[in-house]
Structures are given as C-alpha cells and as structure tokens.
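User: I want to go through this model a piece at a time. Let's start with the backbone.

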Amino acid sequence: MSGVELKNRFCKSPFTYAEIFPGGGVYICCPVWTGGKGIGNIFENSPEEVWNSYQAIMIRQGILNGSYDQCDHHKCPLIMGNSLPMREDVKDDWLGAEMVEVIAHHQVKMARGPQVVKIGYDSSCNLWCPSCRSELIIAKKAEQEKLRKIRDEFIIPFLKDAKVLVLSADGDPFGSNHYREVMRLTREQLPQMRLSLHTNAVLLERKAWDDCGLEGRTDLIQISIDASTAETYSIVRRGGDFNRLLSNLEFLATKRREKGFSRLDFLYVVQTRNFLEMVDFVRLGKRLGVDSVQFILIDHWARGMTDAQYREQKIWDAKHPRHSEFRAMLEDPIFREPIVQMGALDMLLDNKQPSEVLVPDNREMRVAAAM
C-alpha cells in the first residue's frame with residue numbers, strides 16, 4: 001500500500017492500546033510492525049512519560065499525516081492487507097467519538113491513558129510447556145518485591161482510564177502471584193474496568209474465581225489446552241493436571257451458561273505432538289458449549305527450543321514427513337463446524353501452504369522488543 005492510499009486510513013492502536021512486555025518495555029503496536037519502537041519502560045519512566053513519550057507522539061504523528069513512517073509497511077498485516085478503516089468510518093467504532101476528535105484536531109498527545117492494556121511483564125507460570133519454555137519460571141522473592149513496587153507506582157496509575165485489562169501475554173494470570181494481586185486491587189480501585197483472561201486454567205477453580213473477584217467484570221476467557229487426553233497433555237503441558245483441568249473447564253462452562261462472563265474460547269497450538277487429537281478437541285468444546293475452538297500453528301517462540309525441535313513439531317509444513325497424514329485428518333467435516341476457527345490452517349483447507357508471514361517468527365519479535 002502506498003503513502004497516498006494510507007492518507008485517508010486510520011489506526012487507533014497507538015491512541016488507545018498499550019502492551020507491556022517482559023523487561024517492562026511498553027509498546028502501542030506489535031514491535032515487529034513498528035521496527036521494535038517501544039515508547040518507554042515501566043521500571044524507568046512514569047505512566048505519563050511513557051504514554052506521551054516522544055516515540056509515542058512520532059508514531060501517532062505518522063498515522064495522522066498519512067505517512068505511517070514509523071510503521072513497517074512490509075510487516076504490518078493491516079497495511080499489507082489494505083484493511084485499515086477509512087477515517088470517515090471511525091465514528092462507528094466503540095471508541096469512535098473520541099477518535100473523531102483525535103483526527104479532527106490532529107491530537108498526538110493524549111489527555112487520557114490507554115483504553116486497553118495488555119500485560120506480560122511477569123513470566124511466572126505454573127506450567128513449562130515445550131512450545132513456550134524449557135523450565136519452570138516463578139518470580140523469586142526479590143523480583144516479587146520489585147513487581148509489588150511497580151504495581152503501585154506504575155501499573156495501577158497507568159490503568160486509571162482503561163476499559164479493558166488483558167492478562168497475560170506472558171506467564172499465567174493465576175500462576176503469577178503478582179497478576180493475582182493486580183486483579184484483586186483493580187476490583188477495588190478500578191471497578192469500571194473489564195478483564196480479558198488468557199490462561200491454562202489449571203489454577204482457575206472456584207476459589208481463584210472468588211479470590212480475584214472475576215464475577216461480573218470478566219468479558220473473555222481464553223484457555224490454552226493443546227490436548228484431548230491426559231497422556232498428550234502431560235507432554236505438551238508439563239506440570240499440569242488433566243483431571244483438575246477438566247474439572248475447572250466444567251466449572252467455567254457452567255459459569256458461561258449462567259452469564260458469569262461473556263465469552264469462552266478453547267485454544268490449541270497445533271504441532272506434531274498433538275495433531276491427532278484435534279477432532280476430539282472440537283468435540284470437547286462442543287460438549288462444554290464454548291463460543292469457539294481456535295487452532296493456532298506452532299511458532300518458534302519457545303525459550304530454549306532449537307531450530308531442529310521446531311522443524312520436528314512444524315506439522316503444517318509441506319516438507320514435514322507426516323504432513324500428508326495431517327492433511328488427511330483435516331478433511332474431517334468437524335473442522336467446518338461454526339464454533340471452529342482454523343486461523344492460518346484455512347489455507348491448507350484451500351490447498352495452499354501457510355507462509356512464515358502468516359505465522360511470524362516470534363524470535364524476531366523478542367529481538368525487536370529488546371531494541
């Protein structure tokens with residue numbers, strides 16, 4: 001897409017969204033799509049210094065002048081796919097009225113904080129899945145103290161205007177003592193804010209539900225499961241308890257039916273270890289009445305996963321020795337059920353090969369985040 005074509009387009013992300021990465025770096029868009037341009041660090045800057053930093057202003061300026069000069073035009077899928085909304089259509093968006101003012105007055109310094117914040121700076125998790133990490137990661141006492149300090153000095157003030165808190169981009173909301181503290185504090189101090197949770201759900205039982213005050217303020221719960229049997233689960237979700245998980249899934253399915261929250265999604269990272277259980281995974285989702293069953297292609301995001309190990313699990317690659325078996329399994333009509341979201345696997349169903357553009361290498365994202 002050329003600069004002329006972008007002139008009448010708008011991207012609301014840098015005006016409304018912030019994501020906090022491991023190490024405390026803050027981004028208002030995917031780091032890969034903006035060449036690794038962070039806007040500050042929660043351990044070094046105040047909320048105001050971050051949200052209206054020089055780099056934040058420069059990214060917003062590029063959008064408002066139509067140049068998108070801080071964006072990578074060859075990596076941002078919204079630019080590449082010509083799918084950014086037209087400026088005249090922004091009024092129909094959920095933040096439309098405010099964004100109309102931003103466009104009209106060329107507003108690059110925001111008076112209000114981010115509306116959506118995604119946090120992922122605590123890597124603590126109760127599991128150590130081979131698709132994600134090579135060892136158990138739990139914040140130790142010194143790090144817990146550091147997190148508690150930053151919780152009060154940065155996180156809670158940064159969330160003052162947020163409509164949605166998404167947690168977590170790294171680690172698990174219930175495997176992290178810090179994230180549990182954030183959920184409890186925001187229930188008291190920011191009752192208007194909604195929660196969107198991405199979790200393995202092994203620790204999300206009724207006690208945690210009540211302790212973190214999730215009733216009535218949770219919109220979305222996405223659960224990464226990656227298996228349909230206890231045997232496979234023990235391999236792909238190391239440290240987990242499949243029977244405990246199933247009990248928690250029943251609890252959450254009941255909560256969903258009772259409208260205790262708005263949406264329940266089951267997620268499945270497709271790899272050689274588990275692809276033969278994909279059909280049964282859809283059946284599990286149907287039995288529990290989830291809103292969607294989503295399949296995601298494995299990526300090279302694991303801490304410590306070698307290139308050889310990644311290639312071994314990359315079942316979606318046409319060069320994989322078991323790829324034909326995988327393709328045959330995808331012919332099952334259950335994958336056309338309304339609740340199933342195939343993501344990049346839709347290309348295989350159309351007899352096309354997904355590319356690394358559709359399945360970006362998150363090693364590149366981590367390098368960009370460190371820049």
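Predicted model: local features only at pLDDT ≥ 70, side-chain atom pairs only at ≥ 80, totals over all residues.

User: Which residues of helix 4 are buried?
Analyst: Gln55, Ala56, Ile59, Arg60, Gly62, Ile63 and Leu64. Buried means under 20% relative accessible area, exposed means over 50%, and partly exposed is in between (1.4 Å probe, protein chains only).

User: And tyrosine 68, where does that sit?
Analyst: Tyrosine 68 is in the loop between helix 4 and helix 5. Its phi is positive too, near 50 degrees, and tyrosine 68 is not a glycine.

User: Is tyrosine 68 buried or exposed?
Analyst: Tyrosine 68 counts as buried because its relative accessibility is 2%.

User: What about asparagine 82, what is phi there?
Analyst: About 55 degrees, again positive in a residue that is not a glycine. Asparagine 82 belongs to the loop between helix 5 and helix 6 (96-104). With 42% relative accessibility, asparagine 82 counts as partly exposed.

User: Which peptide bond is cis?
Analyst: The one from leucine 167 to serine 168, with omega near 5 degrees. Serine 168 is in the loop that runs between strand 5 (164-167) and helix 8 (177-189).

User: Staying with helix 8, how is glutamine 189 placed?
Analyst: Glutamine 189 is part of helix 8 and is partly exposed, at 46% relative accessibility. Its C-alpha atom is separated by 8.9 Å from that of lysine 160, 29 residues apart along the chain.

User: New topic, helix 11. Why does its end-to-end span agree with its length?
Analyst: Helix 11 has 16 residues (242-257), so at 1.5 Å a residue it should span 22 Å, and its end C-alpha atoms are 22 Å apart. The expected span is 1.5 Å times one less than the number of residues.

User: What caps the N-terminal end of helix 11?
Analyst: Aspartate 241, with a side-chain oxygen 3.1 Å from the backbone nitrogen of asparagine 243. After helix 11 comes lysine 259, whose phi is positive, near 65 degrees.

User: Which residues of helix 11 are buried, and what do they pack against?
Analyst: The buried residues are Phe242, Leu245, Asn248, Leu249, Phe251, Leu252, Ala253, Lys255 and Arg256. They pack against helix 9 (206-211), strand 7 (218-224), helix 10 (230-236), strand 8 (263-270) and helix 12 (278-288).

User: Tryptophan 209, then. What does that residue touch?
Analyst: Tryptophan 209 is in helix 9. Not counting residues up to four places away in sequence, tryptophan 209 touches Leu204, Leu214, Glu215, Ile221, Phe251, Leu252, Lys255, Gly260 and Phe261; contact means heavy atoms within 4.5 Å. Its relative accessible area is 0%, so tryptophan 209 is buried.

User: Which side chain makes a polar contact with the side chain of tryptophan 209?
Analyst: That of glutamate 215, at 2.8 Å. A polar contact is a pair of N or O atoms within 3.5 Å; within protein, one must be able to donate a hydrogen and the other to accept it, and residues adjacent in sequence count only if both atoms are side-chain atoms.

User: Where is aspartate 226, and what are its polar partners?
Analyst: Aspartate 226 is in the loop between strand 7 and helix 10, and is buried at 0% relative accessibility. Its side chain makes a polar contact of 3.2 Å with the side chain of arginine 237. A polar atom of the aspartate 226 side chain is also 2.7 Å from the backbone nitrogen of valine 269. Beyond four places in sequence, the contacts of aspartate 226 include Thr232, Leu267, Gln271 and Asn274.

User: Last one, glutamine 313. Which backbone nitrogen lies 3.0 Å from its side chain?
Analyst: That of arginine 273, taken to a polar atom of the glutamine 313 side chain. Glutamine 313 is in helix 13 (residues 307-313) and is buried, with a relative accessible area of 6%. Setting aside residues up to four places away in sequence, glutamine 313 touches Gln271, Thr272, Arg273 and Ile298.

Terms used. Residues numbered from 1 in each chain as written. Heavy atoms only, no water. Helix = DSSP H or I, 4+ residues; strand = E, 2+ residues; numbered from the N terminus.
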